[in-house]
Amino acid sequence: MKQLIRDLRAHLRADFRPDLYVATALLLTGLITLNYTLDLEDTYIDSYRGGWQRPVLYILFYASIYYMAMGLWTYFHQRLDIWRNPRFWLHTGVGWAAYGFYAGFYGYNEWSNQLLNGQIYLFAFYCLSNLHSILTLVLPLFLYYVFIDREPSYFYGLKPKREGLEVYALLMAIMVPIIAVASFQSSFLDFYPTYKDTTANEYLGVPEWVTALIYELAYGWDFVPTELMFRGFLIIGLSPILQQRSANSGQMRTDKTWPGVVLPMVVAYASIHFGKPLGETISSIFGGYLLGVLALYTRSIWGGLLIHLSIAWLMDGAAFLQQWFN
């Protein structure tokens with residue numbers, strides 16, 4: 001807990017401005033209101049499912065939100081030199097191109113039809129919808145890291161570290177009773193558990209808990225690219241690029257904890273929750289902020305990955321228990 005408080009204080013001292021945080025809150029409020037009123041993703045972008053337009057629209061959607069938030073940060077902190085930095089454009093451009101392609105990709109639908117002649121289509125669809133990120137997001141970021149970036153970040157914080165794990169354990173303990181209470185809400189049970197009965201176990205001749213376990217492992221994997229992109233690529237990977245001011249300012253930072261990477265990441269991170277229950281989208285703002293600060297100072301995404309996996313599996317587990325007893 002002391003580390004969390006220490007890191008938050010250090011970050012707020014370097015980053016906090018009332019005008020910036022109010023402007024960012026207003027931006028988030030407008031984006032959330034617009035999305036939950038018009039249902040932009042599900043109604044409009046996803047109407048192009050299977051077409052080339054869907055990945056392109058997702059790239060534009062997420063990148064626009066991110067650059068709007070970064071625009072607020074650079075304006076209020078007087079860091080307009082960032083927009084003249086080619087490495088900033090290359091890094092964020094590659095990231096959002098890869099993430100938008102991953103978000104809009106629908107090829108796993110055809111893969112599911114081809115697997116075992118479509119006999120387990122739904123089960124394969126649910127699993128491959130989570131696993132395709134290995135090729136559509138993780139691989140492009142890895143190739144960029146190896147051949148272009150070459151920053152010693154151990155692939156954007158994926159090297160295991162013990163630092164900060166106590167903080168994540170505390171955050172997890174706080175979340176347990178919250179999830180338990182939420183599991184009694186109808187809106188929660190409308191979305192969870194994410195595993196659906198597909199009768200694949202009958203075709204494969206195995207107990208249903210086997211197919212449920214396979215799905216939950218695939219579901220858990222999908223949080224790896226999420227943490228890699230938002231806490232790894234956009235925090236640990238981008239921070240060294242923005243650590244130095246323009247030469248004319250005569251100011252620089254010698255560490256790799258540049259605070260400006262956190263707030264734009266939080267806004268973009270909230271946007272990927274559009275379509276989920278409103279409470280989950282709002283909580284992602286605060287959770288994303290905490291995880292972003294901790295990733296910035298610990299230089300690792302493992303703590304965030306573990307807490308993300310724990311929360312996801314606890315949510316599904318709580319919903320399974322509700323189904324069992326009801």
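Why does Glu280 count as buried? Glu280 counts as buried because its relative accessibility is 16%; buried means under 20% relative accessible area, exposed over 50% and partly exposed in between, with a 1.4 Å probe and protein chains only. The model is predicted, so local features need pLDDT of at least 70 and side-chain atom pairs count only at pLDDT 80 or more, while totals for chains, interfaces and linings use all residues. Residues are numbered from 1 along each chain as its sequence is written, and side-chain values use heavy atoms, with hydrogens and water left out.

Glu280 sits in helix α16, which spans residues 278-298. Helices (H or I, at least four residues) are DSSP runs, numbered from the N terminus. Leaving aside residues up to four places away in sequence, Glu280 touches Tyr192 and His273. Contact here means heavy atoms within 4.5 Å.

Thr281 also belongs to helix α16. With a relative accessibility of 0%, Thr281 counts as buried. A polar atom of the Thr281 side chain lies 3.1 Å from the backbone oxygen of His273. Beyond residues up to four places away in sequence, Thr281 touches Ile32, Tyr36, Ala270, His273, Phe274 and Lys276. Leu296 is another residue of helix α16. Its relative accessible area is 0%, so Leu296 is buried. Leu296 and Ile235 are 61 residues apart in sequence, yet their C-alpha atoms are 6.1 Å apart in space.

Helix packing is considered next. Two packed helices are described by the angle between their axes and the distance between the axes. Axes are lines fitted to C-alpha atoms, for helices over the stretch in contact, and angles run from 0 to 180 degrees between N-to-C directions. Helix α15 (residues 262-271) packs with α16 at an angle of about 145 degrees, their axes 9 Å apart. The crossing of α15 and α16 is right-handed; a crossing is right-handed if the near helix is turned clockwise from the far one by less than a right angle, and left-handed if anticlockwise. On the α15 side, the contact is made by Val262, Leu263, Met265, Val266, Tyr269 and Ala270. Residues from α16 include Thr281 and Leu296. By class, this contact of α15 with α16 has 10 nonpolar, four polar and no charged residues. Ala, Val, Leu, Ile, Met, Phe, Trp, Tyr, Cys and Pro count as nonpolar, Asp, Glu, Lys and Arg as charged, and the others, Gly among them, as polar.

Helix α7 covers residues 121-131, and its buried residues are Phe123, Ala124, Phe125, Cys127 and Asn130. Their cover includes α6 (108-114), α8 (133-149), α12 (200-204) and α13 (208-221). The axes of α7 and α13 come within 7 Å and cross at roughly 25 degrees. That makes α7 roughly parallel to α13; angles under 35 degrees count as roughly parallel, over 145 as roughly antiparallel, 65 to 115 as roughly perpendicular and the rest as oblique. This crossing of α7 and α13 is left-handed. In α7, Phe123, Tyr126, Cys127, Asn130 and Leu131 meet residues of α13, among them Ile214, Tyr215 and Trp221. The contact of α7 with α13 comprises nine nonpolar, two polar and no charged residues.

Helices α4 (residues 53-76) and α5 (residues 86-104) have axes that come within 7 Å and cross at roughly 140 degrees. The two helices, α4 and α5, are therefore oblique to each other. α4 passes α5 in a right-handed crossing. Residues in this contact include Arg54, Tyr58 and Met70 of α4 and Phe88, Trp96 and Gly104 of α5. The contact of α4 with α5 has 15 nonpolar, four polar and one charged residues.

Definitions and conventions. A polar contact is a pair of N or O atoms within 3.5 Å; within protein, one must be able to donate a hydrogen and the other to accept it, and residues adjacent in sequence count only if both atoms are side-chain atoms.
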